[in-house]
Amino acid sequence: MPVPIKKSAKKAEKVQKPTEPEAALESAPTEAAPVALEVPPEHTAAAPTESSTEAAPAEIAPVEEPPKAPAPPPPAVPTRPPQNLVVDDVTRTSLTIQWQPPEIIGESGLDGYTVEYCKEGVSEFVPANTELTTSNRFVIKGLTAGDLLNVRVVSVNAGGRSDPVSLPNPVAIRELVDRPRIRLPCFLRARYIKQVGDQINLVIPFIGKFKPVITWTKDGKPLDVKKVNIRNSDKDSILFIRKAERGDTGTYQMTVKVDSLEDKANIVIQIVELPGPPTSLKLIDTWGFNAALEWTPPKNNGNTDITGYTVQKADKKTGEWFTVLEHFHRLNATVSDLIMGNSYSFRVFSENMVGRSESAAITKQVATIQKTGIVYKPPEYKEHDFSEAPKFTAPLSDRAATVGYTTRLLCAVRGSPKPKIEWMKNQMLIGDDPKFRQNSNLGVCSLEIRKPCSFDGGVYTCRAKNAHGEATVACKLEVKQVIVPEDKAKK
């Protein structure tokens with residue numbers, strides 16, 4: 001057993017001793033490529049023993065592979081040119097263009113655009129922007145009217161300039177004349193209806209430059225400036241009528257003209273009002289409890305179509321009107337359910353979109369619904385004669401009054417016709433003496449004596465007379481002095 005142990009120890013020493021290729025590998029720099037190791041056959045053929053098993057940790061560790069060097073970046077490449085270069089607007093001193101970004105931008109990205117131009121016949125392009133622009137729209141300013149310019153746009157990135165994209169034709173620097181176009185509001189494309197007395201204020205916008213000329217006509221003739229006011233601007237035109245009349249009805253034509261180009265729009269305005277009454281209203285026939293009417297349309301329809309008629313009836317006893325047919329479209333009608341023994345009048349109103357006519361046509365004849373069967377004849381009575389001579393129903397009464405205190409005399413009389421009342425004092429007419437106030441109401445007669453004195457005492461008589469006679473009544477008035485007690489008089 002000791003002999004095998006020594007052999008295994010020697011083999012272990014041989015394994016631990018590095019070979020020449022290994023020494024070369026250790027001395028080589030880390031950047032060199034790895035070298036494959038050759039193992040002698042004697043090491044591989046040795047049979048494993050207990051000693052070799054114990055010496056396994058002394059084997060060589062695996063060598064790490066060094067990192068690869070980074071690849072250099074690819075060179076920058078210019079992007080594609082812009083797309084769809086078009087002219088947006090032209091004035092006397094500027095040119096506005098717009099375009100779309102390149103179809104493919106690429107990895108190098110897009111820093112902006114350069115706009116260049118040159119006059120027709122000159123090959124050298126001049127940059128219009130000193131710095132790159134990121135917008136897809138650019139205005140070239142400070143141009144001269146009448147020049148012809150060639151314009152192009154170039155995309156720029158880190159790789160440089162792209163191929164330019166140019167306008168297909170030279171652009172003349174002048175004011176663009178747009179074809180004028182009237183933007184008529186929707187509610188004016190149909191018939192515009194207003195009532196008499198309404199205010200009309202129509203704003204019609206339009207598009208057109210430069211210096212549009214706006215003209216208005218009505219039914220092919222110039223407008224009456226006394227009735228219609230027109231106010232124009234560069235963007236719209238206003239038609240104003242303060243108080244519409246039926247004569248303002250018609251077709252108004254607006255024309256916008258720019259140089260030799262023009263656009264027209266027609267506006268139909270209709271001014272309406274209440275219609276007049278129907279004409280020739282007649283009572284055609286009466287039978288049973290019915291009456292037949294017939295009429296013709298009104299002469300004045302209010303400048304619009306008649307939409308119907310309203311038929312009313314009135315009993316001669318009451319005179320009140322009641323509607324029997326409303327929104328009736330025919331020119332003849334039959335009124336039913338009339339009451340026997342009554343007489344009726346009829347009237348008809350016209351209707352249009354504004355409303356019902358203010359006046360109506362009334363039948364001249366009266367429709368009388370005859371009673372059937374026994375005809376009642378009322379008895380004749382003589383009129384009673386209520387005339388009579390005056391007669392006092394309440395006489396005057398004697399009175400005593402106190403000096404300084406107003407008193408009143410009263411009596412009642414009847415008679416037909418109404419009798420005339422007169423007052424007397426001691427058989428002398430009192431007349432219009434302001435001390436006395438006379439009154440007669442519903443047969444009651446009164447005489448008021450204001451603050452009487454001792455001289456106002458006497459016999460007062462009331463006399464009533466009419467065409468059939470007269471009557472008198474009298475009384476005695478005594479005016480007493482106020483008696484003051486002696487003790488109060490001394491004080």
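Me: Which residue of S20 stands opposite Thr-279?

Reply: Thr-279 faces Thr-296 in S20. This is a predicted model, in which local features need pLDDT of at least 70 and side-chain atom pairs count only at pLDDT 80 or more, while totals for chains, interfaces and linings use all residues. Residues are numbered from 1 along each chain as its sequence is written, and side-chain values use heavy atoms, with hydrogens and water left out.

Me: What makes S19 and S20 a pair?

Reply: Two strands (DSSP runs of E, at least two residues) pair if DSSP finds at least two bridges between them; S19 and S20, the latter covering residues 290–296, have six bridges in the antiparallel sense, so they meet that definition.

Me: Why is one side of S19 and of S23 left without a neighbour in the sheet?

Reply: The open, antiparallel sheet has the order S19-S20-S23, and S19 (279–287) and S23 (332–335) stand at its edges, each with a single partner strand, so one side of each has no neighbour there.

Me: Is Gln-270 buried or exposed, and how do you know?

Reply: Buried means under 20% relative accessible area, exposed over 50%, and partly exposed in between (1.4 Å probe, protein chains only); Gln-270 has 10%, so it is called buried. Gln-270 lies in strand S18 (residues 261–272).

Me: What is Leu-148 called on that scale, and why?

Reply: Leu-148, in strand S6 (residues 148–157), has a relative accessible area of 38%, and is therefore partly exposed. Its C-alpha atom and that of Pro-170, 22 residues apart along the chain, are separated by 5.7 Å.

Definitions and conventions
Helix = DSSP H or I, 4+ residues; strand = E, 2+ residues; numbered from the N terminus.
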